[in-house]
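Trainee: Please take a close look at a single part of this structure, and describe its surroundings after a short account of the chain as a whole.

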Amino acid sequence: MDSMSTESQQAEAAAEPRFEVTTSRLFTSWLAESGASLALSTYQSGKLILLGSNRDTDRLSIFERTLERPMGIAVSGNRMAVGGLYQVTSFVDAVVPDGPRVEGGWDAVYVPQTASFTGDLDLHDMAYDAEGRLVCVNTLFSCLSTTSETHSFRPLWKPPFIDRLAAEDRCHLNGLAMKDGRPAYVTAVAATNIADGWRDHRRGGGVVLDVASGAAVCTGLSMPHSPRWYRDSLYVLNSGAGEFGRVNRDSGRFEPMAFCPGYLRGLAFIGGHAIVGLSEPRENRTFAGLPLQERLEAEKATPRCGLCVIDLATGDVVHWLRISGVVSELYDVAVLPKARPSVIGFRSAEIRRVISIES
């Protein structure tokens with residue numbers, strides 16, 4: 001009986017989906033030297049993953065929690081918000097500077113503090129504005145919105161070609177770039193005003209829009225994502241072509257800086273480096289027929305899930321991290337100000353025991 005039980009346990013363990021992380025030789029030391037860490041969301045696997053560095057072992061620190069369909073991540077100071085299937089959850093780092101050492105050696109412990117129940121709005125990118133308000137890309141209703149204490153959301157802005165708010169995902173608005181604490185640029189897969197109309201323009205209908213004017217500052221992209229304003233430049237991921245680059249605001253052209261072997265979503269910066277998230281293309285109509293597939297075949301490359309760290313001066317991929325197994329897609333990448341963070345989940349007893357008092 002014991003032998004049968006052991007064999008059964010071994011079979012169950014072998015059947016469990018694996019989660020494996022490999023990195024380039026200097027990825028961990030580069031991250032450690034920055035003093036920061038990275039938060040990754042994967043709605044495909046329902047995980048929030050925190051990557052940091054363990055000074056005691058000089059190894060990569062990996063911490064993950066299960067959330068329902070996590071996508072956009074917003075970070076401001078000691079706050080982190082994560083958009084999910086039907087709610088936005090705000091976390092606060094409970095570790096006091098120069099306070100006692102936390103059990104486990106974590107230098108940040110993000111505790112869930114508030115939740116706003118939105119319904120399934122298919123929220124994508126999120127960011128805090130200068131007043132601390134959370135700005136969300138409300139993809140289902142093709143607009144920017146914020147949370148509400150009395151409703152599912154409060155609309156803030158919509159593209160000029162969208163004639164009214166409707167739960168139709170007309171243009172697949174997905175990305176948000178903040179500038180000086182205000183929404184500055186957004187990305188959409190196509191400038192269409194009919195239900196699900198963007199799917200017919202995935203190859204070259206992508207646009208970057210200026211929020212203030214509503215005008216297109218860049219067109220002809222393939223499923224663009226993750227616009228970011230950094231060091232006086234507008235960067236964006238031309239996801240359907242696997243390209244990271246910047247928008248030339250004088251010519252309105254996209255200037256590729258690096259090719260990464262995957263479907264790109266999630267963009268953050270540390271110093272002179274961009275951190276780009278890669279996903280393995282899905283075997284369905286959404287990703288089929290994109291320039292990315294042709295480029296992968298031409299380069300004899302296999303699509304991967306993980307991160308590429310790109311030198312902004314040269315466009316070289318100087319570090320990388322690869323994820324295999326149960327996680328095959330990433331959505332967002334955000335930089336956290338601590339080196340080795342953790343987060344309190346909803347399914348363990350910790351959430352009952354962590355209590356703080358506001359002074």
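Mentor: A residue is called buried when its relative accessible area is under 20%, exposed when over 50%, and partly exposed in between, with a 1.4 Å probe and protein chains only. By that rule, 52% of the 359 residues of the chain are buried. This is a predicted model, in which local features need pLDDT of at least 70 and side-chain atom pairs count only at pLDDT 80 or more, while totals for chains, interfaces and linings use all residues. Residues are numbered from 1 along each chain as its sequence is written, and side-chain values use heavy atoms, with hydrogens and water left out.

The chain has 4 helices and 26 strands (DSSP runs of H or I with at least four residues, and of E with at least two, numbered from the N terminus). Its C-alpha atoms fill a box of roughly 65 × 55 × 45 Å along the principal axes. Among contacts (heavy atoms within 4.5 Å) between residues at least 6 apart in sequence, 57% join residues at least 24 apart.

Asp125 belongs to strand β9, which covers residues 123-128. Its relative accessible area is 2%, and Asp125 is therefore buried.

The side chain of Asp125 takes part in a polar contact with the side chain of Tyr331, at 2.8 Å. A polar contact is a pair of N or O atoms within 3.5 Å; within protein, one must be able to donate a hydrogen and the other to accept it, and residues adjacent in sequence count only if both atoms are side-chain atoms. A polar atom of the Asp125 side chain also lies 3.1 Å from the backbone nitrogen of Leu176.

With neighbours within four places in sequence left aside, the residues in contact with Asp125 include Gly72, Val135, Cys136 and Val137. Asn174, Gly175 and Leu176 are also among them, as are Ser226, Pro227, Arg228, Tyr331 and Asp332.

Asn174, one of these contacts, is located in strand β13, residues 173-179. Asn174 has a relative accessible area of 0%, so it too is buried. Pro291, 117 residues from Asn174 in sequence, is 20 Å from Asn174 in space, C-alpha to C-alpha.
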